[in-house]
Structures are given as C-alpha cells and as structure tokens.
Amino acid sequence: MKKNWVLYGIVIAFLVLLGWWTLEQGQMLEQPNNSVAPASHTAMHFLDSIREGISHPLSIFLLQILTILSAARLLGWLIGKMGQPSVVGEIVAGILLGPSLLGWLAPDFFGFLFAPNSLGNLQLISQLGLVLFMFTVGMELDLRILRKSALDVVFISQSSIIVPYVGGILLAWILYQTYAPAGVSFLAFALFIGIAMSITAFPVLARITQERGLNKTPLGSLALAAAAINDVLAWCILAAIIALVRTGPAHSALLTIGLSVLYVLFMLYVVRPLLARVANRFFSYETMNRTVIAVIFAVLLLSALMTEIIGIHALFGAFLAGVIIPQNEEFRHVIINKIEDLTVVLLLPLFFVFTGLRTQIGLLNTPELWQTCGLIILFAVLGKFIGSAIPARISGQNWHDSLALGALMNTRGLMELIVLNIGFDLGILSPEVFAMMVLMALATTFMTGPALNGLHWFQGKFGNKPGIIPALAEQSQSSPFRLLISFGQPRAGARLLQLAQQLHILGETHALHFTPNADISIAEAEIFEKEGFEPILGLADKYHLPIKTHYKASNNVPQEIIQHANRGAYNLMLIGSSRPLFSSDETGGMVQTFFESIDCSIGVLIDKGFGQIKKVLMVYYDEQDAHLLKLLHQCFERENMPQFKVLSYEEPTEIAAPYVAKGNWVVQSNLEMSTFREYDLLILSRSFWEVIKLQRYELMAYAPSILILHPGDAPKD
C-alpha cells in the first residue's frame, strides 16, 4: 500500500514539474514587449470586464429571473399570511416590478433590468409557462363532473357566464367611444369585454375551497362543478372570439371555428383513447419512464401548435391537451408533479412581471379614469354575483350559500390576466383599459376571502343555519372523552394512535392532518390525504377503532390546528415533538405556540422507538402536576394496563391515596436518571420539563420515549 502512495507522489510531482517547465519555455516564444500596463489600467480593465459581464444578455436574464422569483415568493408569502391566495401576491409583485412602481422610483435601474431589447425573451418564456399552466388546468378538470352534473349546476354555470357577459357588452357600449383603440370594431371590443367579465379562475377557486375546507361540502362541490363548466364554456367562447377577431370576414371566422370543432373531436375521439392505453400501462412513478413523458409533452406542444396555426391561440390547445389526459389519478399526479413546480414557481412569475410591465397604473391620472376603473369593477362584481347567486337561490339553495357561491365564482385571478394579455396582444384593449382590467382582476380575487369571512360572521351572529366552515360536532353524552391526534408525517400519526391505544386514552378519536401548502391541485390534495391517513387508518382497523379524519391544505398550519382544536371541545390533543430550526428544545417553536393558544390538554410525544409499553414511570413534582393523575386516572384503572409507577418529590396527598394503596407511589428527592432505562415510557408535566431545563441533555440520554403533558381548560370527566 505504501509503495502505491510513493509511486503516486512521484508521478504527481513529475507532472507538476513538467507543466511548470513547459509554461516557462512557452513564455520565451512571446514577442518582446517592453511596455508594462500601469496598475491603474489593469484595474480599469478588470472593472470593464465586470461591467461587460453584468451587461451580457444571459446575465441580464438571470438577474431578471432572480429578482422576479424573490419578489414573487416574498409577496406571495406576505399575502398568504393575510389569508389570500398566494397568486394575488405574485400578481402584485409583477405590477410593483413594472413601471407603476420600480420604473417610477428607480427609472435607471428599471431601464437596465428590463431593457426593451430583453423583453422578447421574457415574453416567449412566459408564454411557455402559460402553455404548461393551461395544460395542468385542463388536467385538474374532471370531465365526469360535466357528464354527471345536476341540472341546477348547469343552470348556475351558464347563468354565471351569460349574465356577466351581457353586462360586459353593456359596459363596452359605455366605454367604446372613449377608450377603444382606433380601428377596433365595436363587435370585437364588446365581445372581448364580455368574456373578461365572465371568467372564473377555476384553479384559484379550487385552492380557496381546499384551504377553507369547503371542497367536500355541498357548497364547495357545487362551486367547483359550476366553475369547471364555466371554464370550459368560457375558453370555447374565447376561442371563437379570437377566431373572429383574427380572421376578419365572417366566412373566414366560420372556417376557423369549423376547423377548431374538428380538431376538438379529433383530440377527444382519436388522441384520448390512445393516451388511455398509455395510461393503463404506465400509470405510476415506477412504471412511467422518460419516453412516456416525452410523448405527453409532444401531445401538449403539438396541440398548442395546431390551435395557434388554426387561429384560436396556443393556450386553447394546451388546455385541451390537459383535458384529454386519462382520468387515472396516479397517472395525472405523476405528470402534474413533473410540470407544476417548474411552471408555478419559475415560469408563471415571469408572466406576472411581463403583465406588470404592460400595466401602467400611472396612466390613470385623472378622477374620470379612476371612476371608469371603479365602474369596471362594479360591473364585474355585480355580474358574477347576480349571475351566480340568484340562479343558486332559484335552484333551492339558501341565501347564505347562494351569496357564498356568488363570492366564490367572482374569483378571477390568473385566468383573467391570461385573457387580458390576449386582448392586449390583439390590439383590442388600450393601455388604459388594460391597466383598469388588471386592477379589476386583483380586486375581485382579493375580495373573495373577506366576502366569505363576512358571510360566515353574519351567519354565526344572526343565522341558525350552518356556516360555510363546517362546524365540528359538539361533545356528546355518549362520548365523554374526545381525543385529537394531530400529525404531519404519516408514520407519526400511527405512532400516536399506538401510544393512545396502549395507555387506553381512547374515546371518540379524531385524526387531523394538514398539507403545509394551499397551492396544490385537487388531485394532489386527494392523494396527499389518502397517503397521510393510510398508516393511522390501517392501525385503527387492526385495533377495531373508529376514527374521524380531518384534512386541509393550508399555508398557515399552526393557526389551522389551533382553530380546529379549540372548536372541537376535545379533552386531549396528542402531537409529536417539533424541534425548531435554531434550537434543540423538542417543545419549542410550533409546540410552544400550541401550549399558549389551545384550550384542551396537550400531550407531546418524544418518540425514541417504543414497542410494547409494559412499564410506565410518571414523575410527580408538586401540586401543579395534579392534572397528570386526573387525566390518566381512568386509564390506569383499566385491565391489561402497563405496570405503572409514580415517582414523587413530595409526600403523597389525598389525590395520591389510590396509588399509595397499591404500592405504586415512591417518594424520591433526587432523580436517578440511569434507572429510567428500566421503563418503556416516561410521563412528565410541562412544568417539570421547564424545571429540569439544565438537565434535559442527561434526561434525553437515559430516558425512554417521553410523553409531556400540558394541562388545558377543556372539560374533563
């Protein structure tokens, strides 16, 4: 071995010397040059090279993406904390990076970052992002909804297009002479304003219903079905309008529409069955290979190309390609996973900023223009509210749900921006009208959450009917003990149920699981819900225990857990330990927030791999720990209970009499932590956990799994 190392060293040394000698000899081949550049010239040359590097088109493009990503994520996060869809923050970020703010505050930097000659690349890549996004939107639509929709859903969805569309035509009649660009016919202007008033953003609406827990309620199902039909009809109408505007004469438009119909039939009845065969064979992560993904992308791009050639825009082809993807959930989930992160995180923000660069709010510089903007928002809101709420009421819905449906259908979001950009590219919208419409899209999306909150508050204060947030059942006499198991990782839920079963702290058991991201599709949410509850439900079947499950996708999981726990009248909530990023305290961070905000008792499990719990040790420090015995008294009176011992710092009081009589009470002034290894579980109070803060390292070294109990104010037996 040593000989190998010696030989290796000799070879390396020889190669280094050979390289050095070659460089020295090579310098002698240079032409003689007696002039030596001054140090200042060298420094200037270095600075010039830095400037040239920064000004390179690739550097500019990378700087644009970095700026856009940072602003979009920051604004999306801030808006999400306000209870709004993150897409609202991303749209706002796009506007702020445009001439409306950045161009106004720092015109030189704005001119450098978004130079006119760099916008072509930004537009093309943002269009690619839109193509991919519309493909995922098409996949999120479930055609079974359209086939199985009840008559009232069809009635509501069609009314929610027709009423705002007619309102948009009326609005166009008011705006045409003053705001329509020169050379644009009233027909094109009116038809386009009508479709802009009629759009509902199905993806944003789906995420709002998920985050508010409405997707499995009758109201949420009705809204999703109506929005799905609304989306399909709106995009078909938009395709016809684009064909009419692009082709000009009526016979040319009819030819384009005819070709479009034939193309749709070809995709539905020829391409879709072929893709179904592919999905039946390659339906999972394991079996789907890159060739299958390449085929899917080829179908997407060819469909977008064909509709662009026909004359109804590439986005319609991408949407149609998504619609015909087979209804196999796992197959769709694999494809969405491979596309959505790149699209939503990287490419769509480019579109938002490109839209922001076109949005010049500074053009609205007179009271008359702002009045017109307000009029547009008023027509948009009233059209959707009236077109959705009144038909819902006629169909038999109560006023509360009818108005809530109107608020949900009023969401426009990103879909509206896509339509507006198409209108701007076609020259139908002037810069002033475009800016007003963008503000309308923001306002109508932003007001959905507050409108739902206001309706829920009004219902809770003045009404007797159930609100839009599903109420938890009140504690019943037949279920005196209510247990909530809240978990993040699926395996953790099963471990907490295993603990509860072995300690006999079971009653009416509820399992709570959240996905910490509201920006997921309906199909993804269903898969995450299934995967999240699979371990705990499997264990519950083994124990023959009924469990009620609760699931949501949310951007604010701690607050959602607090609200759920406080609404549910639970006796005990079991959670796993959660170590903060910059601390080693297993009860810090999120757990500390729960201690301070949740009313019921909380049990925090520090899981060190317990199996069958046969011996349990409880530490009783002082009178503040009486809640330990009160909470677990019934459990330790049951048969087949693990061997149980109480280690006390004090002489037994009246509450300890039953344990003293059975010989389970031991008084010990000093903890011998090495003896903890004899036990399978250690139960402590939170107050004692705080007392031994300096001894926790030693405790964690010797102790088995630990259950830390925090007393609550919920009713106990």
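Here is a walk through the structure above, from the whole chain down to single residues. Keep in mind that this is a predicted model.

Let's start with the big picture. The chain has 717 residues, and 50% of them count as buried. Its secondary structure comes to 29 helices and 10 strands.

Now for the inside. The largest nonpolar core is made of 134 residues, and the ones with the most contacts inside it are F114, M134, F135, M197, M415, I418 and M437. Which helix gives the largest share of this core? That is helix α12, residues 218-247, with 16 residues. There is also another core that lies apart from this one; it has 40 residues, among them L539, I613, F644 and V646.

Pick out F135 from that list and see what surrounds it. Setting aside neighbours within four places in sequence, F135 is in contact with I296, L300, A318, F319, A321, G322, I325, I335 and I339.

Next, go to helix α12 and find L222. Is L222 buried or exposed? Its relative accessible area is 8%, and buried means under 20%, so L222 is buried. Not counting residues up to four places away in sequence, L222 touches V153, I156, Q397 and L405. Look at A392 too: it is 170 residues from L222 along the chain, yet the C-alpha atoms of the two are separated by 9.5 Å.

L405 is among the buried residues of α18. This helix covers residues 399-409 and is mostly covered, with 9 of its 11 residues buried. Besides L405, the buried ones are H400, D401, S402, A404, G406, A407, L408 and M409. What caps the N-terminal end of α18? The cap is N398, which has a side-chain oxygen 3.1 Å from the backbone nitrogen of H400.

Let's see how two helices pack. In general, such a pair is described by the angle between the axes and the distance between them. Take helix α7 (residues 119-140) and helix α11 (residues 202-211): their axes come within 10 Å and cross at roughly 55°. On the α7 side, F133, V137 and E140 do the meeting, and their partners in α11 are F202, P203 and R207.

Finally, check the backbone at two spots in loops. H504 sits in the loop between α22 (490-503) and β2 (508-515). It has a phi near 60°, a positive value in a residue other than glycine. The other spot is A569, in the loop between α24 (557-567) and β4 (572-576). A569 is not a glycine either, but its phi is positive, at about 55°.

Conventions:
Residues are numbered from 1 along each chain as its sequence is written. This is a predicted model: local features need pLDDT of at least 70, side-chain atom pairs count only at pLDDT 80 or more; totals for chains, interfaces and linings use all residues. Side-chain values use heavy atoms; hydrogens and water are left out. Buried means under 20% relative accessible area, exposed over 50%, partly exposed in between (1.4 Å probe, protein chains only). Helices (H or I, at least four residues) and strands (E, at least two) are DSSP runs, numbered from the N terminus. A polar contact is a pair of N or O atoms within 3.5 Å; within protein, one must be able to donate a hydrogen and the other to accept it, and residues adjacent in sequence count only if both atoms are side-chain atoms. A nonpolar core is a set of buried Ala, Val, Leu, Ile, Met, Phe, Trp, Tyr and Cys residues joined through side-chain atoms within 4.5 Å. Contact means heavy atoms within 4.5 Å. Axes are lines fitted to C-alpha atoms, for helices over the stretch in contact, and angles run from 0 to 180 degrees between N-to-C directions.
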